[in-house]
Amino acid sequence: MASTEPWMMENGNLKGLSKEMKHGRTAHNMSSSSLRKKSDLTLVSKIRFPCLRHFLANLQEVILGTKLSVLFPAIPLAIIAQCYGFGKPWIFALSLLGLTPLAERVSFLTEQIAFYTGPTVGGLLNATCGNATELIIAIFAICQRKIDVVKYSLLGSILSNLLLVLGTSLFCGGIANLGKEQKYDRKQADVNSLLLLLALLCHMLPLLFKYAGASTDFTVDPTLQLSRASSIVMLIAYLAYLVFQLWTHRQFFEAQEDSEDGDDMTEETPVIGFWSGFAWLLGMTAVIALLSEYVVGTIENASESWGISVSFISIILLPIVGNAAEHAGAIIFAFKNKLDISLGVALGSATQIAVFVVPLCVVISWIMGITMDLNFNLLETGSLALAILATAFTLQDGTSHYMKGLVLLLCYLVIGACFFVNKRPLNSQNVANLGLQSSTGAILSA
C-alpha cells in the first residue's frame, strides 16, 4: 500500500498525507471547511452494487456534506419558476439563495482535487475558482451588455470583504476574546494592501483622466485605452502574486492549524476521488452559470418590484448572499481568535476580485467588442478608495480589538445607506459624463 499513488484511489481512504500537504491549506480552505459536516455513510455502504454505492456516497458527501444543504431546494425551485413563467423577482430571489451553497461546494471540490494534485496546483485552482460565482455572473452580464451590473457587483464584492466580513470578524473576535491580546501576522496583510492600492490607482486614473479633459479627440476613447492597459498591468501583478504566494513566499499564506483542533484533522483525508471531484466541479459550475443567467436577467425586474435600486442590489445584496458561506467561516475563526485565517479570507478574496476578476472582465469585454473601462464613476470609486484606506489603517499595527471592527462595520453601513438612497438608473452616469466631456471640449475649443 505504501506505493499506491493517491490519484489512483477512487474514493479510497488516503491516510498518509505529506507534511507539505498537511500544512499547505490556505485560509480560504479552512474558512470554507468550518461549514462542513461529516456524512454518515452507514446505509450507503450496505448497497450491493458498487457503481450505485459509489454514486450515492459522492452524492451524500457533496450535497449533504455542508450545513447549507437546506438551501439546495432553491435551485430546482428557481428552474421551475423560470420554466413556468413565475414572477421574475421570485426567480431572482430563488437563484440568489441557490448560489449560496454552490459557492461553498466549489471551494470544497477544489480542495478535494488539491489532495491529489498537490498544494501548488491546488493553490492555482483556488486562485481561479475562489470567486467563480462573481466571475460567472460578470461574464453573463457582459454578454447582455449590462456593464453597470458588472461594475456594481464586483465593487460590492470588494467592499463586503474589506468592510463587512473583516469588520464583523474583528468585532466578533474582539468581543469573544476580551481578556486576550489579539495579534496577527502582518506579512500577508501588507502584501494584499499593496495590491489593493495598485488596483485603486488603476481605477482612479481613468476617472481623473476623463474629468481632467486631457483630450478632445473622441474618435478613440483615451479612458478606454488607459483602462485596458491598466487591466493588463493588474493581471501581470496578479501572476506575480501567484508566484509569490505559491512558490517563493508560501509560508506567508499557509494557515497554521492547531493540533488540538480535531475538526481540522478530519479534513486531511479526501472523501471523494479525483475524477469524481472533477465531474462534480464541472456540474456545479454549469448550475452556477444557469442561476447566474437568471440573476442577471431578472435583477432589473426585482429592482422595480421591490423599489430598490439596481446599484444597492448589486453592491450590497449580491455579495452578501453569494459569499455567505465564506464570510461565515471567517467570522467563526475570529471567534476562535484565529485572525490570520479571517484576514486571509477577507483580504485574499478582495485582492483576487480587484486585481484579477475586474481586469479580466475588461479584457473579456475587449475581446467581445464590448466597451468596458475601469471608470466606476465618482461615487463608486470614492467608496472603494475610502474602504481600502480604512482597511489599511486598521491593519497597520498587527493587533486587533472590537473597536476596529465596529468602525469598519459602520463604514459599510454608511456606504450601504448611500447606495440605498441613490435611485440613479442604469447608464445615467454615462450620459452625464458624456455631457461633461462635451461641455469641457467646447470650452477648450473656445
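Which helix gives the most to the nonpolar patch? Helix 18 (residues 402-421) does, with three residues. Helices here are DSSP runs of H or I with at least four residues, strands are runs of E with at least two, and both are numbered from the N terminus. Before going further, please keep in mind that this is a predicted model, in which local features need pLDDT of at least 70 and side-chain atom pairs count only at pLDDT 80 or more, while totals for chains, interfaces and linings use all residues. Residues are numbered from 1 along each chain as its sequence is written, and side-chain values use heavy atoms, with hydrogens and water left out.

Now back to that patch. Its members are Ile175, Leu178, Tyr402, Met403 and Val407, and together they make about 460 Å² of nonpolar surface. A patch takes residues with over 30% relative accessible area and no salt bridge, joining nonpolar side chains (Val, Leu, Ile, Met, Phe, Trp, Tyr) within 5 Å and like charges within 9 Å. A salt bridge, in turn, is a side-chain nitrogen of Lys or Arg within 4 Å of a carboxyl oxygen of Asp or Glu. Met403 belongs to helix 18 and, at 42% relative accessibility, counts as partly exposed. That term covers the range between buried (under 20% relative accessible area) and exposed (over 50%), using a 1.4 Å probe and protein chains only.

Rings of Phe, Tyr and Trp (its six-membered ring) pair if their centres lie within 6.5 Å; planes under 30 degrees apart are stacked, over 60 edge-to-face, and the rest tilted.

How many aromatic pairs does a search of the whole structure find? There are eight. Another edge-to-face example joins Tyr116 and Phe274, at 6.3 Å centre to centre and 75° between the planes. Because Tyr116 lies in helix 6 (residues 88-117) and Phe274 in helix 13 (residues 274-306), this pair ties together parts 158 residues apart in sequence.

Arg105 lies over the face of Phe108, 4.2 Å from the ring centre, and the charged end of Lys336 sits over the ring of Phe333, 5.2 Å from its centre. For this, NZ of Lys or CZ of Arg must be within 6 Å of the ring centre and within 35 degrees of the ring normal.

Is Val358 buried or exposed? At 1% relative accessibility, Val358 counts as buried, and it lies in helix 16 (residues 339-367). Setting aside residues up to four places away in sequence, Val358 touches Leu154, His203, Ile353, Leu374 and Phe376, where contact means heavy atoms within 4.5 Å. By contrast, Glu304 in helix 13 is exposed, at 66%.

Finally, the whole chain: it has 19 helices and two strands, and buried residues make up 54% of its 446 residues.

Note on methods
Areas by Shrake-Rupley, 256 points an atom, 1.4 Å probe, with all protein chains shown as cover.
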